[in-house]
Amino acid sequence: MKRIELEEALKIYREAIRRWSLQSQITMLAEESLELAHASLKILRNPNLKKLAEEIADTEICISQIEDYFNLGSTIEYWKQKKLRRLKRRLSKCL
Ligand SMILES: [Mg+2]
């Protein structure tokens, strides 16, 4: 299977929004987020890592579309760094 690189992925994200609308793709993000939540909740009772990975991939693709559309990359990175620092602080207090 030929790997789709970032430049082509961006074209696909933009075409999806152009063809099906931003509203539709935001709805898809919400739907896929719920499917990921469902797969996450089931993982302890019925370990299905393939399903979990599939739902993570679906959600990441939807996130990437919305991230690209609203140009949120640097803002998301800012929040990731901030939240990782907070998590690191909490972990250091638990020792
Ligand atoms: Mg899904």
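**Reading the helices**

Modeller: We can begin with α3, whose buried residues pack against α1 and α2 (22-42). Bear in mind that this is a predicted model.

Colleague: Which residues of α3 are buried?

Modeller: In α3 the buried residues are Glu55, Thr59, Cys62 and Gln65.

Colleague: What is the general idea behind a face of a helix?

Modeller: An α-helix has 3.6 residues a turn, so residues three or four places apart point the same way. In α3, the face turned away from the buried side carries the exposed residues Leu49, Lys50, Ala53 and Ala57.

Colleague: How many residues does α3 have, and what span does it reach?

Modeller: Helix α3 has 21 residues. From first C-alpha to last it reaches 30 Å, close to the 30 Å expected at 1.5 Å a residue.

Colleague: Is Glu55 buried or exposed?

Modeller: Glu55, a residue of helix α3, has 20 other C-beta atoms within 10 Å, and the cut-off for buried is 20 or more, so Glu55 is buried. Leaving aside residues up to four places away in sequence, Glu55 touches Glu35, Leu36 and Ala39. Glu55 and Glu32 are 23 residues apart in sequence, and their C-alpha atoms are 6.9 Å apart in space.

Colleague: And is Ala57 buried or exposed?

Modeller: Ala57 also lies in helix α3. Ala57 has 12 C-beta neighbours inside 10 Å; exposed requires 12 or fewer, so Ala57 counts as exposed. From Ala57 to Glu32 the C-alpha distance is 9.4 Å, with 25 residues of separation in sequence.

Colleague: Now for pairs of helices. What describes the way two of them pack?

Modeller: Two packed helices are described by the angle between their axes and the distance between the axes. For helix α1 (residues 6-20) and helix α3 (residues 49-69), the packing angle is about 85° and the axes are 9 Å apart. That makes α1 roughly perpendicular to α3.

Colleague: Which residues meet where α1 packs on α3?

Modeller: On the α1 side they are Ala9, Leu10, Tyr13, Ala16 and Ile17; on the α3 side they are Ser64, Gln65, Asp68 and Tyr69. Classified by residue type, the contact of α1 with α3 has six nonpolar, two polar and one charged residues. Gln65 takes part in this contact and is one of the buried residues of α3.

Colleague: What are the angle and the axis distance for α1 and α2?

Modeller: The angle between α1 and α2 is about 115°, and their axes are 6 Å apart. That makes α1 roughly perpendicular to α2. Ala16, Ile17 and Trp20 of α1 make the contact with Leu22, Ser24 and Gln25 of α2. By class, the contact of α1 with α2 has four nonpolar, two polar and no charged residues.

Colleague: How many residues of α1 are buried?

Modeller: The count is zero among the 15 residues of α1, so this helix is hardly covered. Helix α1 reaches 21 Å from its first C-alpha to its last, close to the 21 Å expected at 1.5 Å a residue.

Colleague: Which residue just after α3 takes a positive phi?

Modeller: Just after α3 comes Asn71, with a positive phi of about 55°. Asn71 is likewise a residue other than glycine, and it lies in the loop between α3 and α4 (73-93). Asn71 has 8 other C-beta atoms within 10 Å and is exposed.

Note on methods: Residues are numbered from 1 along each chain as its sequence is written. This is a predicted model: local features need pLDDT of at least 70, side-chain atom pairs count only at pLDDT 80 or more; totals for chains, interfaces and linings use all residues. Axes are lines fitted to C-alpha atoms, for helices over the stretch in contact, and angles run from 0 to 180 degrees between N-to-C directions. Helices (H or I, at least four residues) and strands (E, at least two) are DSSP runs, numbered from the N terminus. Angles under 35 degrees count as roughly parallel, over 145 as roughly antiparallel, 65 to 115 as roughly perpendicular and the rest as oblique. Two residues are in contact if their C-beta atoms, placed from the backbone, lie within 7 Å. Ala, Val, Leu, Ile, Met, Phe, Trp, Tyr, Cys and Pro count as nonpolar, Asp, Glu, Lys and Arg as charged, and the others, Gly among them, as polar. The expected span of a helix is 1.5 Å times one less than its number of residues.
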